[in-house]
Each structure stands twice: as C-alpha cells, then as structure tokens.
Amino acid sequence: MLKISDLRVAVDGKTILNGLSLEVGTGEVHAIMGPNGSGKSTLANVVAGRDGYEVLGGTVEFKGKDLLDLDPEVRAHEGVFLAFQYPVEIPGVANIALLKEGLNAARRYRGEPELDALDFLKLVREKIKLVEMKEEFLYRSVNEGFSGGEKKRNEIFQMAMLEPSLSLLDETDSGLDIDALKIVAGGVNSLRSQDRSVILVTHYQRLLDYIVPDYVHVLAEGRIVQSGDKDLALKLEAEGYGWIEESAGAAA
Amino acid sequence: MNTSVKELGDLVGRDYKEGFVTDIESDTLPPGLDESVVRFLSANKSEPQFVLDWRLDAFRRWQEMDQPDWAHVHYAPIDYQGISYYSAPKRDEDRPQSLDEVDPKLLETYEKLGIPLEEQKALAGVAVDAVFDSVSVATTFKDKLAKVGVIFCPLSEALINHPDLVRKYLGSVVPATDNFYAALNSAVFTEGSFVYIPKGVRCPMELSTYFRINALNTGQFERTLIVADEGSYVSYLEGCTAPMRDENQLHAAVVELVALKDAEIKYSTVQNWYPGDEEGRGGIYNFVTKRGACRGENAKISWTQVETGSAITWKYPSVLLEGNGSVGEFYSVALTNNCQQADTGTKMIHIGEDTSSTIISKGISAGRGQNAYRGLVKVLKGAKNARNYSQCDSLLMGDRCGAHTFPYVEVKNPTATIEHEASTSKIGEDQLFYCRQRGLAEEDAVSMIVNGFCKEVFRELPMEFAVEAQKLLGISLEGAVG
C-alpha cells in the first residue's frame with residue numbers, strides 16, 4: 001500500500017525527517033510514536049501533500065504511484081486521508097457541503113457517477129451514527145464553534161464518509177476525554193478491513209488500548225529507530241522516550 | 001506543487017470577461033462642461049423648467065466645490081472638461097416598442113453578458129428597464145405594473161408624465177449640493193429610473209435595471225429615485241457591467257430612496273464594471289451617492305451590494321432613520337484585485353426613537369487591491385433606544401493587498417446600544433489544504449471559502465442575483481492556478 005524509502009524532509013531549511021523508511025501493507029494498522037519534535041506530524045503532512053515541506057530526497061510510493069508527484073486533492077482521490085491534529089475552521093461553509101464536494105470529486109476522479117442528494121443523505125445518516133454526532137453538525141460551518149472533541153469526531157466522520165484506503169491520524173487522541181476517545185476509536189475500528197490501512201501518529205499509548213496496532217514504530221531524530229508490536233508501546237509508556245533517544249543518539 | 005502566498009496571488013488574476021465594445025453609432029456631445037451643456041441636456045429631454053433651474057443651480061454650486069480627498073484611494077486628477085456629458089444610441093427618435101424592435105447588436109451585448117432580456121423575461125418575471133449608455137431602450141412588464149398602479153419608467157419620462165411626484169422627492173434625500181459628485185450628477189444627469197409604489201401595494205415583481213457604460217470617454221450620470229408610499233414594498237435590483245476600455249471612465253450616480261410609514265425598500269446591486277488591467281490601467285471610477293430616508297414609522301430600507309468591479313469605488317449607501325421604529329440595513333461584499341481600490345461603507349443616521357440598524361461588511365482583498373470600510377453610526381439626541389450592530393470582516397488573499405477599517409460612531413443619546421465587531425483573516429493556506437485534502441481542487445476550494453465568507457450577505461440577495469454574485473466572485477477568483 002505505502003512504501004516510504006529514505007525520506008528526507010526539511011522545514012524552513014531545518015532537516016526534520018532524516019532517512020525515514022516505512023512500509024505499510026494492505027489492511028495493516030501502524031502506530032508511529034515518538035517524543036515531541038521527532039517528526040511525527042511532518043511525516044503525516046508530507047504524505048498528505050501539505051505545502052511548506054521541502055523533500056530533500058527519498059521516495060513515497062502509494063499503490064505503486066509516486067505520491068510526491070501528486071497534488072493533495074489527487075492524493076485524496078487516490079485514497080489518502082489525513083485526520084488533522086488541528087482541524088481547520090471554515091466560516092460559512094456547511095460541513096455537509098464540503099463533504100459532498102469532496103466525495104463527488106473523488107467519484108468523478110474514479111469515473112463513478114456523483115451521488116445524488118438522496119443517496120448522499122442516506123450515506124451521511126448511516127456514517128454519522130458511528131461517531132455519535134447529531135445531524136445538526138452537518139449543517140453547521142466546518143468546525144466553527146466545535147469543541148475539541150467534536151472537531152476530532154468530525155474528522156473521523158469525514159474519514160468514514162470518504163472511505164480512504166490509507167488513513168493517517170495525526171494525534172487524533174490529543175485533547176480527548178475518555179468517552180470521546182472511545183467514540184473515535186470505535187469509528188476507526190469499524191473502518192478496519194482487509195483493504196484499508198491506518199497510520200496512527202500519537203504521543204501516548206492510551207489510544208492503542210482501543211485501537212490495537214499490528215505494528216508500533218518509534219520515531220526519533222527523523223528516523224524510525226525501533227519497530228515492534230503493541231508491546232513496544234507499553235514499554236514506551238512505562239519507560240518513557242529517554243532510552244530511545246539515547247540509543248538513537250549513540251547510533252547517529 | 002508548492003502553492004505559496006505568491007501563487008495565491010495568481011489565483012485571483014484573470015482576464016475581464018465582459019470586455020467587448022458594441023458597435024452602435026452614437027450621438028455624442030463634444031467633451032467639455034459649461035452651462036450650455038446643462039441646458040442642452042435639459043432641452044434634449046424636454047424637461048420642465050423646474051428641472052433646468054435645479055440643474056443650473058447645482059452646476060453653479062458644483063463649480064465652487066472641491067473634489068473630496070479624504071477617501072483611502074489614489075488616482076490622477078480628473079479633467080472634467082475632457083469628458084463628454086451626453087451619448088445616446090443613434091435611433092433615439094423611433095424607440096423600440098418591444099424587444100423585437102431592439103437593435104440586435106444591443107441584445108447581442110446582453111447575451112455576451114449572459115443576461116439576455118428574452119430569457120430574463122421568462123425566467124423570473126423581472127421587469128427590465130435597460131439603460132444602454134444614456135437612453136432607455138427597452139422596458140418590459142409595464143402593463144402588469146400599471147395594473148397595480150406601480151410607476152416604473154425612465155426618470156426623463158417621469159419628469160414629463162409625473163412632474164409633481166418627482167418634484168416632491170427629487171433631491172429631497174440627496175440634495176444637489178450634498179457633495180461634489182452629487183452636485184455634478186444633479187447638473188448633468190442623463191438617465192436613470194423612477195419608481196413609485198402606491199400605498200399598500202406590494203410590488204408584484206422584482207424590478208431591475210442594467211446599466212452599461214459603452215461610448216468611449218463618456219461619463220454616465222444616472223439618477224434613480226424610488227418612492228415607496230405607506231405600507232408598500234418593493235425589491236429593486238441593479239446590475240452593471242461595462243466593456244473593456246483603456247481610458248478611465250467616470251461614473252457618478254445618485255440613488256435616492258424614500259420609504260414612508262410601514263413601507264419597505266430592498267435595494268440590491270451587483271457591480272462588475274471594468275476594473276482596469278493588472279497594472280491598473282483603465283477601469284471605471286465609481287463615485288456614487290446612495291441614500292435612503294425612512295420617512296415614517298416602521299419604515300425599512302435595506303441595501304445589499306456586491307462590488308467586484310471598478311478601478312476605484314467610492315460609495316456609501318446610507319439610511320436616514322427619521323421615523324420612529326424605522327430600520328436600516330447594509331450588507332456588502334467588496335472585492336478588490338490587482339490594482340483596484342475600494343473605499344466603501346455606510347452611514348446610519350438614527351434620528352427617530354427605537355430605530356435600529358445592521359451593518360454587515362465583507363471586504364476581500366487580493367493582488368495589490370486596497371479595500372477600506374468606512375462607516376458612520378450616528379445617534380442624534382432625540383433617538384431614544386437606538387440600536388446598531390456592525391460587523392466588518394476582511395479577508396486577505398496574498399501578502400500585497402490591504403484591508404482598512406474606519407468605523408466612526410457618534411452617539412448623543414445615552415440609551416443607545418451600539419455593537420461593533422471586526423475581524424481580519426487571511427485566506428488560510430491551512431483552510432485551502434484542508435479542503436484539498438478532502439478532495440476539492442484548489443479553485444473550488446478558494447471559491448468555497450470565499451463564498452462561505454460572504455454567505456451572510458449573499459443570503460440577502462434575491463435568488464437569481466445570488467447566483468450571479470457567486471458566479472462573479474468565481475470569475476474574479478478562479479483562473480490562474482499555478
């Protein structure tokens with residue numbers, strides 16, 4: 001599904017990712033953990049195609065295509081979804097209007113007919129239940145006046161609507177209380193399937209109690225320094241990131 | 001793939017779509033302005049003596065006035081002697097009685113603009129009084145309006161057929177000497193519309209006029225007067241486009257609205273006159289005086305404007321809230337791109353008790369555009385319990401444009417409630433990326449964000465106009481995606 005090789009990325013002239021390699025197979029859930037400033041969010045943003053990141057070297061392949069060559073919307077149409085760490089407010093634009101445009105743009109890209117209003121609404125009503133959001137949220141401006149938890153649930157709702165083959169969740173758990181965390185995790189789990197992959201970017205192990213990953217990677221100094229299964233996350237929780245940073249420093 | 005602030009600037013650059021010149025022979029006065037020109041204009045329309053006297057008085061006063069220089073706009077001095085003050089389509093004598101008789105070239109012009117009269121007739125039951133340069137050439141739906149007693153005709157016609165009615169109200173809201181441009185207009189106005197809605201009548205259709213500036217070097221000075229008698233209602237739409245020109249064209253219109261007791265006037269404008277090229281050459285100077293008076297209890301006047309054109313806009317649709325309980329509203333979207341400059345806003349003058357006003361202003365600046373909101377909320381001593389709510393939002397696209405806000409508040413009665421909110425935001429690269437990540441192409445994302453920003457204003461526009469307004473913003477904002 002996704003193959004990142006020796007990726008090097010700079011922001012404002014400062015190297016953030018320094019030879020990162022990662023392979024995510026179809027149907028797998030990967031967790032990327034690491035201390036603040038290790039490059040976790042950079043990774044998610046570069047894959048999704050955000051501006052302001054200078055790719056110095058390396059490749060990112062998605063379903064055999066060179067992802068770095070594609071506009072962000074084309075990446076979205078190809079099935080890349082980013083759940084934002086800080087979902088953006090767009091005053092005056094109804095949540096449902098943005099979703100409908102996005103969904104139909106992807107359908108056009110794939111040569112499928114656009115959903116008519118009725119079918120679209122049917123899909124919306126089905127998916128919104130996953131995140132336990134009220135229907136009134138659909139008609140409010142995108143994220144405007146939403147609480148932190150509502151914003152994150154809205155991200156998961158959009159993800160459920162767009163049915164991406166690769167979902168990147170950028171610190172979706174941060175700032176959530178336990179109830180909201182469970183709802184978000186439930187939404188993600190319901191999307192788990194043989195043909196969908198998920199990358200969870202997180203600082204804390206807590207989310208992984210609810211979304212159990214197939215693999216856990218530790219990111220430090222712009223590279224993956226350790227990989228393992230869910231037990232690695234537990235070890236990090238117990239011992240902190242200090243030992244990783246030391247060993248990464250020693251290796252560098 | 002590296003969309004930056006610079007490329008955002010490119011996003012808004014696009015050729016002016018309405019740039020074409022209709023090839024109709026014109027009767028045009030040679031450039032220059034003196035008393036003989038004023039007399040010619042009046043005689044040409046066979047105006048009653050009082051109008052000529054009024055024009056001459058305005059002209060004499062205008063000669064003693066100075067061009068205002070307080071607005072946040074910059075331009076070379078205007079040579080008022082270099083302008084021709086009259087231009088009319090050749091066949092003035094035999095005016096067409098129906099659309100079939102209208103010069104096909106004129107209809108073609110409208111079709112290029114996407115506003116064919118034929119289609120409009122069928123479309124929305126809109127009565128159209130089309131002003132082509134200075135003479136009205138087509139008026140529709142007159143019968144239907146006449147049945148309910150509504151008068152909707154060229155001002156020149158009203159001066160002859162309804163002189164007393166016009167005399168009672170002409171210049172009563174915007175006096176001839178109100179300001180430099182209003183005085184000029186009063187002296188040399190050539191065309192415009194007159195509307196009278198009788199007592200208790202709800203005008204059965206939206207009234208519309210399309211103005212078009214066409215002849216080279218011809219200033220257009222329309223004058224519109226709308227009177228809504230007690231308990232009546234009218235919605236009036238004004239739309240403007242002009243073909244591409246190299247030289248600046250002066251446009252100094254006056255619009256007067258009078259709403260009597262319990263009457264309501266809704267006045268909507270969509271303006272996309274030629275804004276000049278990317279370097280600021282050419283384009284319309286739009287110096288307009290628009291004012292309404294709520295002259296009775298519970299009268300209501302609502303201005304809605306979408307301004308995307310003109311090189312320079314100097315325009316403050318205002319409301320004099322004289323009657324107790326009267327209501328004034330101003331909803332505005334002003335977009336400046338390239339070298340466009342806009343200094344626009346409103347004045348709400350609270351005179352009666354329990355009067356209220358609402359101001360929603362949305363300024364969008366792109367390219368090197370400069371957008372200023374200038375507003376005055378004035379509460380006079382006798383205006384007990386006056387209320388005002390003002391909201392001024394600015395949206396910046398790119399880093400070479402500017403947004404400026406000049407809100408003035410003068411309150412002389414302690415029971416007044418005045419609220420003012422202002423915000424300035426940049427069209428976020430974050431917002432753009434968010435929309436694109438959800439699958440929207442960059443142009444669609446910009447259009448969606450800008451339309452969202454303007455939503456509170458667009459929803460005040462009549463349906464067909466809202467669609468046109470959105471299209472216009474799209475035209476101004478899409479195009480050069482890098």
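User: What area is buried between chain B and chain A?

Analyst: The model is predicted. Carbon and sulfur atoms give 61% of the area buried between the two chains. The total, summed over both sides, is about 2,300 Å².

User: Which residues of chain B lose the most area to chain A?

Analyst: Three residues stand out on that side, together giving 33% of what it buries. They are B:F433, B:Y434 and B:R438.

User: How many residues of chain A are in contact with chain B?

Analyst: Contact here is heavy atoms within 4.5 Å. Chain B brings 21 residues to the interface. The number in chain A is 33.

User: Which residue of chain A meets B:R438 in a salt bridge?

Analyst: The count of salt bridges between chain B and chain A is four. In one of them, a side-chain N to O distance of 2.6 Å links B:R438 to its partner. That partner is A:E155.

User: Which element gives the most residues to the side of chain B that touches chain A?

Analyst: There are 12 residue pairs in polar contact between the chains, both at pLDDT 80 or more. On the chain B side, the elements that give two or more residues are α10 (429–437) and α11 (442–453). That side divides into nine nonpolar, seven polar and five charged residues. With seven residues, the top contributor is α10(B).

User: Turn to strand β20 of chain B. How many of its residues are buried?

Analyst: Strand β20(B) spans residues 370–379 and is mostly covered. Of its 10 residues, the number buried is eight.

User: Which strands pair with β20(B) in the parallel sense?

Analyst: Strand β18 of chain B (residues 341–350) runs parallel to β20(B), joined by 10 bridges. One of these links B:A342 to B:N371. Strand β22 of chain B (residues 402–411) also pairs in the parallel sense, over 10 bridges, and B:Q370 has B:G402 as its bridge partner there. The strands are β18(B) and β22(B).

User: Is B:T355 buried or exposed?

Analyst: B:T355 is found in the loop between β18 and β19 of chain B. Its contacts, leaving out residues up to four places away in sequence, include B:L321, B:H350 and B:R387. Its relative accessible area is 0%, under the 20% cut-off, so B:T355 is buried.

User: Which residue's backbone oxygen lies 3.1 Å from a polar atom of the B:T355 side chain?

Analyst: The B:T355 side chain supplies one polar atom of this pair. The other atom is a backbone oxygen, at 3.1 Å. Its residue is B:G352.

Key: Residues are numbered from 1 along each chain as its sequence is written. Chains are lettered from A and ligands numbered from 1 in the order in which they are written. This is a predicted model: local features need pLDDT of at least 70, side-chain atom pairs count only at pLDDT 80 or more; totals for chains, interfaces and linings use all residues. Side-chain values use heavy atoms; hydrogens and water are left out. Buried area is the accessible area (1.4 Å probe) that two parts lose on being put together, summed over both. A polar contact is a pair of N or O atoms within 3.5 Å; within protein, one must be able to donate a hydrogen and the other to accept it, and residues adjacent in sequence count only if both atoms are side-chain atoms. Helices (H or I, at least four residues) and strands (E, at least two) are DSSP runs, numbered from the N terminus. Ala, Val, Leu, Ile, Met, Phe, Trp, Tyr, Cys and Pro count as nonpolar, Asp, Glu, Lys and Arg as charged, and the others, Gly among them, as polar. Buried means under 20% relative accessible area, exposed over 50%, partly exposed in between (1.4 Å probe, protein chains only). Two strands pair if DSSP finds at least two bridges between them.
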